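Have the structure open while you read.

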Amino acid sequence: MNYIKLGDNLELSQVIVGCMRAKDAGMEGEEMLRFVEGCLDMGIDSFDHAPVYGGYTCEKIFGDAVLRKEPQLRKKMKLVTKAGIVLPGVEGNKAIYYKSTKKEILKEIEESLEKLGTDYVDLLLVHRPDPLADPEETADALETVVKEGKALHVGVSNFMPSQITMLQSFMSVPLVTNQMELSVKCVDNFFNGVLDDAFTRRIPLMAWSPLGGGSVFTGEDEQSVRLRDVLGQIAEEHGTTMDAVMYAWLFAHPVRIAAITGTMNINRIKTAVKAQELSLSYDEWYRILAASRGFDVP
């Protein structure tokens, strides 16, 4: 297993298990515990959560099945969670909205710790940029969480470079990562300054939906058809599968990208781990890029 360093003293496995679908997959109790132990056995020590996953249920499913039953496993894992999304009905609201006030962030981290069955997380992310947020207040909340030891590190998710600059300008604690949508189907963030900003800040990225939501495998849109053809050719040449090639395409980038899996199927996670051993040539990487965008580079 490859590990990616964030900041001075945090390392995450390059394959991160996303727990967003735990409820939908019916993954709980002994099944969840065996799943987590299987991931740990492969060297995957990082698990990605958020309060809103599963309608505020997935963190508790994980905590009940894993850390409340086998608390010694906490020392073997890194926990990532987020804050700042409010689903409809929680505050009598009709709309989903983002909320990055200090009160909301402090409330959500307390609730996450209780549900997960731990007294700290390794990394807390602001889930989405809140256009109504006062960045000084959001920064104060993040620094308070670190000072109190409830999160050892903090970062952001879905932030553009200017938004990171704005928030970081109010902070002494560094933002150690940006979690973004990155895949062979979503290449915009390779060209809009997000990766340049990550290099400038010396921070790695975390990729959500690294397989593009799975549409490459069955989608009939032109992009999916083009990608399926090229990925299939390259996979056959390497004696592997298309999903392994998609993971390898992300892992090839020097900015250092950790991929957050979206599956609770242990065999599919094994494929992501195995993809770390797959090296793509420049030609193969650019063939995939061209298939995604529908044109060759100039």
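1. Start with Phe 62. Setting aside neighbours within four places in sequence, Phe 62 is in contact with Cys 19, Met 32, Val 36, Phe 47, His 49, Leu 67, Met 77, Leu 79 and Leu 116. Bear in mind that this is a predicted model.

2. Phe 62 also belongs to the largest nonpolar core, which has 88 residues; together with Met 32, Phe 62 has the most contacts inside that core. Helix α9 gives the most to this core, with nine residues. Another core, of twelve residues, lies apart from it and includes Leu 10, Ile 16, Val 80 and Ile 260.

3. Now for α9 and its partner. Helix α8 (residues 222-238) packs against helix α9 (residues 242-251) at an angle of about 95°, with the axes 8 Å apart. That angle makes α8 roughly perpendicular to α9. On the α8 side you'll find Arg 228, Leu 231, Gly 232, Ile 234 and Ala 235, meeting Met 242, Val 245 and Met 246 in α9. Sorted by type, the residues of this contact are six nonpolar, one polar and one charged.

4. Next, the aromatics: there are seven aromatic pairs. The ring centres of Trp 249 and Trp 285 are 4.5 Å apart and the planes at 10°, so this pair is stacked. Trp 249 sits in helix α9 and Trp 285 in helix α11 (residues 282-293), 36 residues apart. Both Trp 249 and Trp 285 are buried.

5. Tyr 282 and Tyr 286 are stacked too, with ring centres 6.2 Å apart and planes at 25°. Tyr 282 is exposed, at 70% relative accessible area, while Tyr 286 is partly exposed, at 40%. Phe 190, Trp 249, Tyr 282, Trp 285 and Tyr 286 form one aromatic cluster.

Technical notes: Residues are numbered from 1 along each chain as its sequence is written. This is a predicted model: local features need pLDDT of at least 70, side-chain atom pairs count only at pLDDT 80 or more; totals for chains, interfaces and linings use all residues. Side-chain values use heavy atoms; hydrogens and water are left out. Axes are lines fitted to C-alpha atoms, for helices over the stretch in contact, and angles run from 0 to 180 degrees between N-to-C directions. Helices (H or I, at least four residues) and strands (E, at least two) are DSSP runs, numbered from the N terminus. Angles under 35 degrees count as roughly parallel, over 145 as roughly antiparallel, 65 to 115 as roughly perpendicular and the rest as oblique. Contact means heavy atoms within 4.5 Å. Ala, Val, Leu, Ile, Met, Phe, Trp, Tyr, Cys and Pro count as nonpolar, Asp, Glu, Lys and Arg as charged, and the others, Gly among them, as polar. A nonpolar core is a set of buried Ala, Val, Leu, Ile, Met, Phe, Trp, Tyr and Cys residues joined through side-chain atoms within 4.5 Å. Buried means under 20% relative accessible area, exposed over 50%, partly exposed in between (1.4 Å probe, protein chains only). Rings of Phe, Tyr and Trp (its six-membered ring) pair if their centres lie within 6.5 Å; planes under 30 degrees apart count as stacked, over 60 as edge-to-face and the rest as tilted.
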